[in-house]
Amino acid sequence: MGAQIRVYKRRIRSVSATKKITKAMEMIAASRIVKAQRQVAASSPYADELTRAVTAVATGSNTKHPLTTEAENPTRAALLLVTSDRGLAGGYSSNAIKAADRLTERLRAEGKEVLPYVIGRKGLAYYSFRDRDVVDSWTGFSDSPQYANAKAVAAPLIEALTTDTAEGGVDELHIVFTEFVSMMTQTPVGRRLLPLSLEDAGTAGEEAAAERKKGEALPLFEFEPSAEGVLDALLPRYVESRIYNALLQAAASEHAARRRAMKSATDNAEDLIKSLTRLANAARQADITQEISEIVGGASALADANAGSD
Amino acid sequence: MADLHVELVAADRNVWSGEATMVVARTMSGDIGIMANHEPLLGVLRSGPVTIRTNDGGTVIVAVHGGFISFADNKLSILAEIAELADEIDVDRAERALQAAKSEADAGAERRAEVRLAAAAGTH
């Protein structure tokens, strides 16, 4: 066998091995998207009901709460960025980071100081490589988040929100995560969670806002123990459930992005194997042609020599 | 008698939904029973069992750990961070958890285990 063929064969073997790995990762990601989507769907009744309840209190009472009223002159904003722990997901994490950078710039232009909170090893690596300060970070649950994770993330954020701005608290809470639109489309979005703006509080909030515009007042609620008490208990749960929903959507998006990245890697490997096989075939054919021409040349040289000696 | 529609949802799933004649839950200021045409209400729940009397005469007991009750237009929603149907509760595990909580003097865990056991006992 010619040296050239051996080189091609070796490369084909290595590309096939890579293809097997990417194919396996593609299938794992595909099966996890379905699971993650189911989790998103399972968590939405709670989120919707909670949003409805928050809307009811916010619109049905004149209670003022630090978490619902806008500061007159907001100076500090917390930004929660959701990225993945692992790579090999195409532009998933870097797109989310870019969206966070854009939002940071916008907030800075509005004269607010931005305090980043980061979820996921990739986002954390980005920030630490650039020597940027991160207030708090969490890793290890980006691909299958639990409600307890959302609670852990929400706790320091709620604390910062309830603290006075002068004492290191924040006025606003923004979250950047990758919204799962469909299997093929995931878009990084930046949303303001608090202070509450009812227009973007999801569908339930929109309905309530629409009803209000129509002039149909929401039912007048009796609060147990009191409107303040309910709001105090409700808003942390609201933040938790919003963060939980964002984490689940981000997980679904991460798997979808990984599936797509691995699919194109598998396709590339297939193309590479095909062209390498063609090259190997051409090299083999060239070897054979050369051998034949050598044999023919040798035979005719022999024949010429024999004819000469006769 | 009019029925009310009940949706009992936990943070990660829909636990129970259906028609009921009455729901009894424990709020911060005491037990509250809600029947159809109650005035709109929004309350904070304590850890405790929630009893739902279904319109076909049955009873559903759920252990609820923290959450809210909201009632409007004959629709009742109970939002719980954690909610377990009495049938789903593993009594042995809950008892073990209770012992562990007592020995570690973890009041929250002890309360949760007690609520679970109370809810499980309610069905038998």
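## Strand pairing between the chains

Strand S6 of chain A, S6(A), and strand S4 (residues 41–45) of chain B pair in the parallel sense over three bridges; two strands pair if DSSP finds at least two bridges between them. Within S4(B), Leu42(B) is the bridge partner of Phe223(A). Strands (E, at least two residues) and helices (H or I, at least four) are DSSP runs, numbered from the N terminus.

## Basis of the model

This is a predicted model, in which local features need pLDDT of at least 70 and side-chain atom pairs count only at pLDDT 80 or more, while totals for chains, interfaces and linings use all residues. Residues are numbered from 1 along each chain as its sequence is written, and chains are lettered from A and ligands numbered from 1 in the order in which they are written.

## The interface

In chain A, 23 residues are in contact with 22 residues of chain B; contact requires that the C-beta atoms of two residues, placed from the backbone, lie within 7 Å. On the side of chain A that touches chain B, two or more residues each come from helix H1 (3–60), strand S6 (222–224) and helix H6 (227–309). H1(A) gives the most, with nine residues.

## Ile158 of chain A

Ile158(A) lies in helix H4 (residues 147–162) of chain A. Leaving aside neighbours within four places in sequence, Ile158(A) is in contact with Pro236(A) and Val239(A). Ile158(A) and Gly120(A) are 38 residues apart in sequence, and their C-alpha atoms are 20 Å apart in space.
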